[in-house]
Amino acid sequence: MMNLVQQNDRSKQKYGPGRNFVIWAVRLGWPFIKFGKILSNVPLIKWLIYPFFMRPYNEISSIPLNIEVPNPESVVLPRRVVQRLLTAVDDIFIFDECICRRHNNVSVPPQTIGCMALGPAGSRIHPSHGKMATIEEAFRHVDRAAEAGLVANFAHVWIDPVAFHTRFHDLMFICYCDDKNCLYRTYMKNRGPSLKGAYQRLPGLLVVVDPDKCEGCGTCKEQCFLADISLVGGKAVIGRSCAGCGRCVEICPNKAIALKIKNEEALFEDLVQWIKGVSHLPIKSVQKGSLP
Ligand code: SF4
Ligand code: SF4
Ligand code: SF4
(Lines give C-alpha, C1' and ligand atoms only; values in the text may rest on other atoms or scores of the structure.)
(Ligands and ions follow the chains in the order given, each with its own letter.)
Protein backbone atom coordinates (compact mmCIF):
# COMPACT_ATOMS: atom_id res chain seq x y z
CA MET A 1 0.00 0.00 0.00
CA MET A 2 2.78 2.35 1.03
CA ASN A 3 4.64 1.54 -2.20
CA LEU A 4 1.54 2.36 -4.26
CA VAL A 5 1.20 5.71 -2.53
CA GLN A 6 4.90 6.45 -3.10
CA GLN A 7 4.70 5.45 -6.77
CA ASN A 8 1.63 7.64 -7.17
CA ASP A 9 3.46 10.56 -5.60
CA ARG A 10 6.40 10.03 -7.96
CA SER A 11 4.22 9.83 -11.04
CA LYS A 12 2.76 13.23 -10.14
CA GLN A 13 6.05 14.95 -9.41
CA LYS A 14 7.53 17.47 -11.77
CA TYR A 15 10.72 16.48 -13.51
CA GLY A 16 13.59 18.72 -14.49
CA PRO A 17 14.68 19.19 -18.13
CA GLY A 18 14.94 16.19 -20.42
CA ARG A 19 17.95 14.75 -22.23
CA ASN A 20 17.83 16.95 -25.33
CA PHE A 21 17.74 20.14 -23.29
CA VAL A 22 20.77 19.05 -21.25
CA ILE A 23 22.69 17.95 -24.37
CA TRP A 24 22.21 21.42 -25.84
CA ALA A 25 23.03 23.16 -22.58
CA VAL A 26 26.30 21.17 -22.37
CA ARG A 27 27.09 21.94 -26.00
CA LEU A 28 26.61 25.68 -25.41
CA GLY A 29 28.18 25.77 -21.94
CA TRP A 30 31.23 23.60 -22.71
CA PRO A 31 33.40 26.35 -24.27
CA PHE A 32 32.58 28.76 -21.43
CA ILE A 33 33.60 26.25 -18.77
CA LYS A 34 36.68 25.20 -20.71
CA PHE A 35 37.92 28.77 -21.20
CA GLY A 36 36.80 29.76 -17.71
CA LYS A 37 39.18 27.13 -16.34
CA ILE A 38 41.98 28.08 -18.71
CA LEU A 39 41.60 31.77 -17.81
CA SER A 40 41.14 31.12 -14.11
CA ASN A 41 44.72 32.24 -13.45
CA VAL A 42 44.85 35.30 -15.69
CA PRO A 43 45.09 38.57 -13.74
CA LEU A 44 41.78 40.47 -13.48
CA ILE A 45 39.82 37.86 -15.46
CA LYS A 46 40.27 35.39 -12.66
CA TRP A 47 38.24 37.58 -10.32
CA LEU A 48 35.40 37.84 -12.86
CA ILE A 49 35.06 34.08 -13.12
CA TYR A 50 35.75 33.44 -9.45
CA PRO A 51 32.04 33.20 -8.45
CA PHE A 52 31.43 30.37 -10.94
CA PHE A 53 34.07 28.10 -9.43
CA MET A 54 34.28 29.26 -5.83
CA ARG A 55 33.72 27.12 -2.79
CA PRO A 56 31.32 25.79 -1.56
CA TYR A 57 29.62 25.53 -4.96
CA ASN A 58 32.30 23.50 -6.64
CA GLU A 59 33.46 20.58 -4.48
CA ILE A 60 34.86 17.32 -5.82
CA SER A 61 36.60 14.36 -4.21
CA SER A 62 37.91 11.21 -5.87
CA ILE A 63 38.28 7.53 -5.17
CA PRO A 64 40.24 5.37 -7.59
CA LEU A 65 38.18 2.27 -8.30
CA ASN A 66 40.62 -0.37 -9.39
CA ILE A 67 43.80 0.10 -7.43
CA GLU A 68 44.59 -2.68 -5.01
CA VAL A 69 45.67 -1.58 -1.58
CA PRO A 70 47.83 -4.42 -0.33
CA ASN A 71 47.74 -3.65 3.35
CA PRO A 72 46.01 -4.16 5.66
CA GLU A 73 43.39 -5.86 3.44
CA SER A 74 43.86 -7.69 0.18
CA VAL A 75 40.77 -6.48 -1.65
CA VAL A 76 40.21 -3.64 -4.08
CA LEU A 77 39.28 -1.65 -1.06
CA PRO A 78 38.44 1.75 -2.57
CA ARG A 79 35.83 0.14 -4.81
CA ARG A 80 34.24 -1.55 -1.82
CA VAL A 81 34.01 1.78 -0.02
CA VAL A 82 32.07 3.24 -2.97
CA GLN A 83 29.73 0.24 -2.95
CA ARG A 84 29.27 0.56 0.78
CA LEU A 85 28.23 4.17 0.34
CA LEU A 86 25.67 3.10 -2.25
CA THR A 87 24.02 0.77 0.27
CA ALA A 88 23.79 3.70 2.67
CA VAL A 89 21.65 5.93 0.45
CA ASP A 90 18.02 5.28 -0.46
CA ASP A 91 17.87 6.79 -3.93
CA ILE A 92 20.26 6.11 -6.79
CA PHE A 93 19.62 7.37 -10.31
CA ILE A 94 21.92 6.03 -13.05
CA PHE A 95 22.42 8.02 -16.23
CA ASP A 96 22.26 5.98 -19.43
CA GLU A 97 25.17 7.89 -20.92
CA CYS A 98 28.21 9.92 -19.99
CA ILE A 99 27.41 13.42 -21.14
CA CYS A 100 31.09 14.38 -21.53
CA ARG A 101 32.09 11.33 -23.60
CA ARG A 102 28.97 11.78 -25.66
CA HIS A 103 29.85 15.44 -26.23
CA ASN A 104 33.33 14.43 -27.42
CA ASN A 105 31.92 11.58 -29.49
CA VAL A 106 34.31 8.92 -28.17
CA SER A 107 33.46 5.26 -27.69
CA VAL A 108 36.37 4.36 -25.36
CA PRO A 109 35.78 4.55 -22.45
CA PRO A 110 32.17 3.65 -23.20
CA GLN A 111 29.59 6.41 -23.38
CA THR A 112 27.16 4.04 -21.67
CA ILE A 113 28.84 4.39 -18.26
CA GLY A 114 27.14 7.54 -17.02
CA CYS A 115 27.10 9.40 -13.73
CA MET A 116 25.03 8.38 -10.72
CA ALA A 117 22.90 10.87 -8.82
CA LEU A 118 22.43 10.11 -5.14
CA GLY A 119 19.69 11.35 -2.85
CA PRO A 120 15.97 12.07 -2.91
CA ALA A 121 16.35 14.77 -5.56
CA GLY A 122 17.42 12.04 -8.00
CA SER A 123 13.77 11.11 -8.44
CA ARG A 124 13.18 14.53 -10.00
CA ILE A 125 15.65 13.83 -12.81
CA HIS A 126 13.78 13.35 -16.06
CA PRO A 127 13.44 9.66 -17.07
CA SER A 128 14.89 10.41 -20.51
CA HIS A 129 18.33 10.57 -18.80
CA GLY A 130 18.22 7.13 -17.18
CA LYS A 131 16.44 5.46 -14.29
CA MET A 132 16.28 4.87 -10.56
CA ALA A 133 18.43 1.82 -9.90
CA THR A 134 18.42 -1.11 -7.53
CA ILE A 135 21.50 -1.67 -5.40
CA GLU A 136 22.49 -4.64 -7.58
CA GLU A 137 22.31 -2.46 -10.70
CA ALA A 138 24.36 0.21 -8.97
CA PHE A 139 27.04 -2.33 -7.98
CA ARG A 140 27.22 -3.62 -11.56
CA HIS A 141 27.64 -0.03 -12.76
CA VAL A 142 30.59 0.52 -10.39
CA ASP A 143 32.18 -2.75 -11.57
CA ARG A 144 31.82 -1.71 -15.21
CA ALA A 145 33.37 1.68 -14.43
CA ALA A 146 36.30 0.02 -12.67
CA GLU A 147 36.83 -2.41 -15.55
CA ALA A 148 36.88 0.56 -17.96
CA GLY A 149 39.63 2.21 -15.86
CA LEU A 150 37.49 5.13 -14.68
CA VAL A 151 37.89 7.14 -11.48
CA ALA A 152 34.92 7.73 -9.16
CA ASN A 153 34.48 11.46 -8.59
CA PHE A 154 32.14 12.58 -5.84
CA ALA A 155 30.85 15.89 -7.04
CA HIS A 156 28.73 18.59 -5.49
CA VAL A 157 28.87 21.43 -7.98
CA TRP A 158 26.34 24.14 -8.74
CA ILE A 159 25.93 23.21 -12.38
CA ASP A 160 24.21 19.89 -11.62
CA PRO A 161 21.20 21.15 -9.65
CA VAL A 162 20.86 23.99 -12.18
CA ALA A 163 20.84 21.51 -15.08
CA PHE A 164 18.42 19.08 -13.45
CA HIS A 165 16.27 21.58 -11.49
CA THR A 166 16.85 20.16 -8.04
CA ARG A 167 17.74 21.78 -4.74
CA PHE A 168 21.47 22.30 -4.34
CA HIS A 169 21.97 20.40 -1.09
CA ASP A 170 19.70 17.46 -1.95
CA LEU A 171 21.78 16.02 -4.75
CA MET A 172 25.25 14.49 -4.99
CA PHE A 173 26.84 12.90 -8.00
CA ILE A 174 29.27 10.05 -8.38
CA CYS A 175 30.76 10.49 -11.81
CA TYR A 176 32.83 7.78 -13.47
CA CYS A 177 35.34 9.82 -15.38
CA ASP A 178 38.36 9.46 -17.58
CA ASP A 179 41.20 11.95 -17.98
CA LYS A 180 40.68 13.05 -21.56
CA ASN A 181 36.97 13.81 -21.81
CA CYS A 182 35.65 14.76 -18.41
CA LEU A 183 34.70 18.41 -18.10
CA TYR A 184 35.56 18.20 -14.37
CA ARG A 185 39.02 16.69 -14.82
CA THR A 186 40.30 18.42 -17.94
CA TYR A 187 41.77 21.94 -18.24
CA MET A 188 42.77 21.83 -14.58
CA LYS A 189 46.45 22.66 -15.02
CA ASN A 190 47.70 26.07 -13.90
CA ARG A 191 44.27 26.82 -12.47
CA GLY A 192 43.43 29.96 -10.54
CA PRO A 193 42.44 30.59 -6.94
CA SER A 194 38.79 29.61 -7.35
CA LEU A 195 39.70 26.20 -8.72
CA LYS A 196 42.50 25.49 -6.31
CA GLY A 197 41.04 23.35 -3.60
CA ALA A 198 37.93 22.36 -5.55
CA TYR A 199 39.35 18.86 -5.71
CA GLN A 200 39.87 17.59 -2.18
CA ARG A 201 41.77 14.47 -1.24
CA LEU A 202 40.06 12.40 1.42
CA PRO A 203 42.31 12.69 4.48
CA GLY A 204 42.73 8.93 4.95
CA LEU A 205 43.92 8.42 1.40
CA LEU A 206 47.65 8.96 0.89
CA VAL A 207 49.73 8.88 -2.28
CA VAL A 208 53.40 8.16 -1.60
CA VAL A 209 56.51 7.81 -3.76
CA ASP A 210 59.19 5.23 -3.04
CA PRO A 211 62.40 7.12 -3.90
CA ASP A 212 64.33 3.87 -4.28
CA LYS A 213 62.05 2.78 -7.14
CA CYS A 214 61.58 6.20 -8.79
CA GLU A 215 63.90 6.81 -11.74
CA GLY A 216 62.70 10.34 -12.42
CA CYS A 217 61.22 9.58 -15.86
CA GLY A 218 58.56 12.29 -15.40
CA THR A 219 55.61 10.26 -16.71
CA CYS A 220 53.59 10.89 -13.56
CA LYS A 221 54.39 14.62 -13.71
CA GLU A 222 53.04 14.84 -17.25
CA GLN A 223 49.91 12.85 -16.49
CA CYS A 224 48.77 14.34 -13.16
CA PHE A 225 45.60 16.21 -14.10
CA LEU A 226 46.30 18.83 -11.44
CA ALA A 227 49.93 19.28 -12.49
CA ASP A 228 50.97 18.80 -8.91
CA ILE A 229 53.88 16.41 -9.19
CA SER A 230 57.37 17.85 -9.43
CA LEU A 231 60.78 16.30 -9.88
CA VAL A 232 63.20 17.20 -7.13
CA GLY A 233 66.69 15.83 -7.36
CA GLY A 234 65.49 13.38 -10.03
CA LYS A 235 62.70 11.97 -7.85
CA ALA A 236 58.95 12.53 -8.05
CA VAL A 237 57.41 14.57 -5.26
CA ILE A 238 53.63 14.69 -4.79
CA GLY A 239 52.29 18.19 -4.19
CA ARG A 240 49.89 19.41 -1.53
CA SER A 241 46.89 19.71 -3.84
CA CYS A 242 47.00 16.01 -4.85
CA ALA A 243 43.38 14.82 -5.09
CA GLY A 244 44.17 11.15 -4.52
CA CYS A 245 42.76 10.13 -7.88
CA GLY A 246 45.35 7.35 -8.22
CA ARG A 247 46.26 7.99 -11.85
CA CYS A 248 49.99 8.35 -11.13
CA VAL A 249 49.88 5.06 -9.20
CA GLU A 250 48.53 3.28 -12.27
CA ILE A 251 50.80 5.03 -14.72
CA CYS A 252 54.25 4.76 -13.10
CA PRO A 253 56.27 2.19 -15.08
CA ASN A 254 58.36 1.34 -12.00
CA LYS A 255 55.45 0.96 -9.58
CA ALA A 256 57.15 3.60 -7.48
CA ILE A 257 53.91 5.30 -6.38
CA ALA A 258 51.47 3.67 -3.99
CA LEU A 259 48.07 4.47 -2.62
CA LYS A 260 47.89 4.07 1.14
CA ILE A 261 44.75 3.78 3.16
CA LYS A 262 44.62 3.38 6.91
CA ASN A 263 41.67 1.00 6.74
CA GLU A 264 38.26 0.60 5.15
CA GLU A 265 36.42 2.02 8.14
CA ALA A 266 38.48 5.22 8.17
CA LEU A 267 38.12 5.79 4.42
CA PHE A 268 34.36 5.21 4.54
CA GLU A 269 34.04 7.59 7.47
CA ASP A 270 36.14 10.22 5.62
CA LEU A 271 33.85 9.93 2.64
CA VAL A 272 30.67 10.21 4.72
CA GLN A 273 32.05 13.23 6.57
CA TRP A 274 33.06 14.87 3.31
CA ILE A 275 29.57 14.32 1.84
CA LYS A 276 27.87 15.60 5.00
CA GLY A 277 30.09 18.68 4.83
CA VAL A 278 28.90 19.63 1.36
CA SER A 279 25.32 18.31 1.10
CA HIS A 280 22.24 17.27 3.05
CA LEU A 281 22.26 13.76 1.65
CA PRO A 282 20.69 11.31 4.11
CA ILE A 283 23.19 8.51 4.80
CA LYS A 284 22.27 5.43 6.81
CA SER A 285 24.76 3.66 8.99
CA VAL A 286 26.16 0.61 7.17
CA GLN A 287 28.38 -1.85 8.95
CA LYS A 288 31.50 -3.25 7.33
CA GLY A 289 30.80 -6.74 6.00
CA SER A 290 27.07 -6.13 5.46
CA LEU A 291 27.27 -5.56 1.70
CA PRO A 292 24.80 -7.64 -0.32
S1 SF4 B 1 31.45 14.07 -15.16
FE2 SF4 B 1 32.44 12.12 -15.68
S3 SF4 B 1 30.81 10.53 -15.80
FE4 SF4 B 1 29.85 12.55 -15.63
S5 SF4 B 1 29.39 13.04 -17.69
FE6 SF4 B 1 31.45 13.92 -17.34
S7 SF4 B 1 33.03 12.32 -17.75
FE8 SF4 B 1 30.96 11.43 -17.76
S1 SF4 C 1 56.45 7.80 -13.23
FE2 SF4 C 1 57.37 6.65 -11.54
S3 SF4 C 1 59.53 6.45 -12.07
FE4 SF4 C 1 58.69 8.08 -13.37
S5 SF4 C 1 59.06 9.97 -12.19
FE6 SF4 C 1 57.03 9.25 -11.64
S7 SF4 C 1 57.35 8.01 -9.79
FE8 SF4 C 1 59.35 8.26 -10.77
S1 SF4 D 1 49.46 13.27 -7.71
FE2 SF4 D 1 48.63 11.36 -8.53
S3 SF4 D 1 46.88 10.87 -7.22
FE4 SF4 D 1 47.43 13.03 -6.87
S5 SF4 D 1 46.08 14.16 -8.26
FE6 SF4 D 1 48.03 13.83 -9.35
S7 SF4 D 1 47.69 11.93 -10.51
FE8 SF4 D 1 46.07 12.04 -8.97
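The shell around ligand 1 divides into 10 nonpolar residues, two polar and one charged, where Ala, Val, Leu, Ile, Met, Phe, Trp, Tyr, Cys and Pro count as nonpolar, Asp, Glu, Lys and Arg as charged, and the others, Gly among them, as polar. The structure is a predicted model, in which local features need pLDDT of at least 70 and side-chain atom pairs count only at pLDDT 80 or more, while totals for chains, interfaces and linings use all residues. Residues are numbered from 1 along each chain as its sequence is written, and chains are lettered from A and ligands numbered from 1 in the order in which they are written.

Ligand 1 is surrounded by 13 residues, the closest being Cys98, Cys100, Cys175, Cys177 and Cys182; a residue is taken as near if its C-beta atom, placed from the backbone, lies within 6 Å of the molecule. Helix H5 (99-103) and strand S6 (172-177) are the elements that give two or more residues to this shell, helices (H or I, at least four residues) and strands (E, at least two) being DSSP runs numbered from the N terminus. Around ligand 2 there are 13 residues, of which Cys214, Cys217, Cys220, Ala236 and Cys252 come nearest, and this shell divides into eight nonpolar, four polar and one charged.

Six strands form an open sheet in the order S1-S5-S6-S3-S2-S4, with antiparallel pairing, two strands being paired if DSSP finds at least two bridges between them. Strand S1 (58-64) and strand S4 (130-132) are the edge strands, each pairing on one side only. Strand S2 (residues 92-95) runs antiparallel to S4 and is joined to S4 by three bridges, and Phe95 has Gly130 in S4 as its bridge partner.
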